[in-house]
Amino acid sequence: MTGNLRGKSAIVGTGHAGFGEAHGLTAYEVMAQSALAALDDAGLKLSDVDGLFCTMMEDSMPGLMAAEYLGIEPRFLDSTMTGGSSFVNYLTSATMALEAGLCDVALIVYGSNQRTASGKLVTASRPPAYEAPYNPRYPISAYAMAAARHMYEYGTTREQLADVAVAARAWARANPEAFERGPLSREDVLAARMVGDPLTVRDCCLVTDGGGAIVMVRAERARDFPKAPVYVLGSAAESSHRQISQMKDFTVTAARKSGARAFAAAGVSPSDIQAVELYDAFTINTILFLEDLGFCAKGEGGAFVEGGRIAPGGVLPVNTNGGGLSCVHPGMYGIFTVIEAARQIRGDAPGIQLNGVDLALAHGNGGVLSSQVTAILGSQNTL
Amino acid sequence: MTDAAGPDKVFRNALANQEILLPRCDDCGAYHFFPRVVCPWCHGTAISWQRASGRGRVHTTTTVRRKPERGGDYNLCMVELEEGVRMMSRVENIAPDDVVIDMEVKAFVGEAEGEPAVLFRPAEE
């Protein structure tokens with residue numbers, strides 16, 4: 001997003017459905033329920049939607065499927081698939097489409113029933129030809145190798161990784177919408193079943209059902225809706241590879257570039273951000289993204305998260321809903337970073353509501369640390 | 001290289017003949033992997049094949065945990081070859097947990113999932 005798109009669009013509705021276990025529901029039913037919830041939040045109807053931004057795990061033409069399901073014929077349709085980051089990426093394309101007059105009401109939406117449908121990741125992706133023969137277990141093997149390299153280069157410890165999961169759980173415990181709300185200690189994480197060294201099952205995101213949706217309009221009419229508007233101040237997408245074997249530096253992600261561009265577009269810096277919502281598919285993600293987005297120096301992420309520093313009452317509120325580790329992770333989590341950031345700004349976060357949040361960051365990750373998309377959202381006060 | 005075979009097929013045909021070939025760009029001189037019709041570094045399209053030295057070093061590694069009845073744990077790693085390219089592979093002839101970053105390894109053509117594949121063993125055995 002270039003500087004001239006700063007504050008040109010706003011989120012006026014958010015919604016979700018099917019969190020945890022959506023027994024008896026298909027992925028498209030969860031998607032549609034999420035869309036209806038967000039439109040209700042915005043005081044709009046499906047017939048008002050003329051821009052649709054959607055991808056799903058199980059189809060190669062998910063945008064068409066979703067439009068058909070919802071009974072709409074959008075003037076603008078974007079189903080660009082960059083993995084879980086897609087929905088943060090849509091903030092840019094939705095803003096562009098709105099600003100260009102290509103649509104007036106943009107609906108970003110996702111839904112999945114992966115937990116009750118199969119209990120594991122449902123994906124239309126094919127295993128990469130030069131990796132598949134070695135039986136990598138995706139996505140965890142990729143993240144495990146990134147974590148191992150980070151530990152090797154910077155002395156990051158399993159305890160520090162565990163503290164990311166412990167902090168996420170502490171936020172989730174106060175969030176009635178979160179799926180995992182039981183106590184979790186560092187020792188619990190370390191003693192959990194090892195899945196791919198150095199990551200245990202508690203270093204991994206949940207496998208849940210769930211969907212989310214966001215309604216956006218041009219900023220000029222954003223104050224005409226029931227909820228306080230949340231403005232898109234900056235957003236930027238970067239990608240560095242698709243296959244983990246092509247990642248040039250296993251300890252540095254493209255978030256370094258997406259973050260720098262998003263901050264420049266918004267005209268703010270990491271120290272201004274009051275709530276940080278990161279795509280925490282694995283505990284190493286949080287450490288990598290805090291470093292790459294500039295909240296701490298490269299290699300210092302382990303120390304940065306240690307001992308509750310990103311937990312409630314810590315120095316930086318990170319993943320205030322409990323994240324993909326403890327709140328919800330239906331195959332792709334990206335949209336929930338935006339929803340939680342927006343709700344913190346609006347003041348109606350489902351769990352711990354921080355005081356006076358004007359600036360929040362949502363960061364999406366896609367593939368195997370492949371796609372990185374950063375968005376900075378702000379209240380009316382930040383315009 | 002025959003006219004019919006693209007770089008993917010050339011690489012696989014060589015593996016079937018127990019040979020590990022690596023693509024190298026004639027323009028910039030750098031190796032790349034996986035094989036492509038265009039150099040990912042300089043975008044040159046004149047690419048030649050060189051026999052790999054087979055010498056490499058483990059760049060990062062993980063043990064994939066699997067139940068014993070399904071075959072047990074196995075190694076998965078990224079190996080950086082002397083030529084400067086990395087590939088996913090596994091180190092055999094060693095317990096998966098004993099594979100460590102920076103360990104020197106030597107390539108061989110083995111079999112993975114029923115197809116010829118580049119595998120590694122510890123350089124010092």
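Domain bounds here come from an automatic or database domain assignment. For chain A that gives domain 1 (3-119 + 208-230) and domain 2 (137-192 + 234-382), with C-alpha centres 22 Å apart. This is a predicted model: local features need pLDDT of at least 70, side-chain atom pairs count only at pLDDT 80 or more, and totals for chains, interfaces and linings use all residues. Residues are numbered from 1 along each chain as its sequence is written, while chains are lettered from A and ligands numbered from 1 in the order in which they are written.

Now for the place where the domains meet. Residues are in contact if their C-beta atoms, placed from the backbone, lie within 7 Å. The contact uses 32 residues of domain 1 of chain A and 39 residues of domain 2 of chain A. Helices (H or I, at least four residues) and strands (E, at least two) are DSSP runs, numbered from the N terminus. On the domain 1 side, these elements each bring at least two residues:

| Element of chain A | Residues |
|---|---|
| β1 | 9-20 |
| α3 | 86-99 |
| β4 | 106-112 |
| β7 | 209-218 |

The largest share of that side, six residues, comes from α3(A).

Next, have a look at helix α1 (residues 27-42) of chain A. After α1(A) comes Gly43(A), with a positive phi near 70 degrees.

Technical notes. Contact = placed C-beta atoms within 7 Å.
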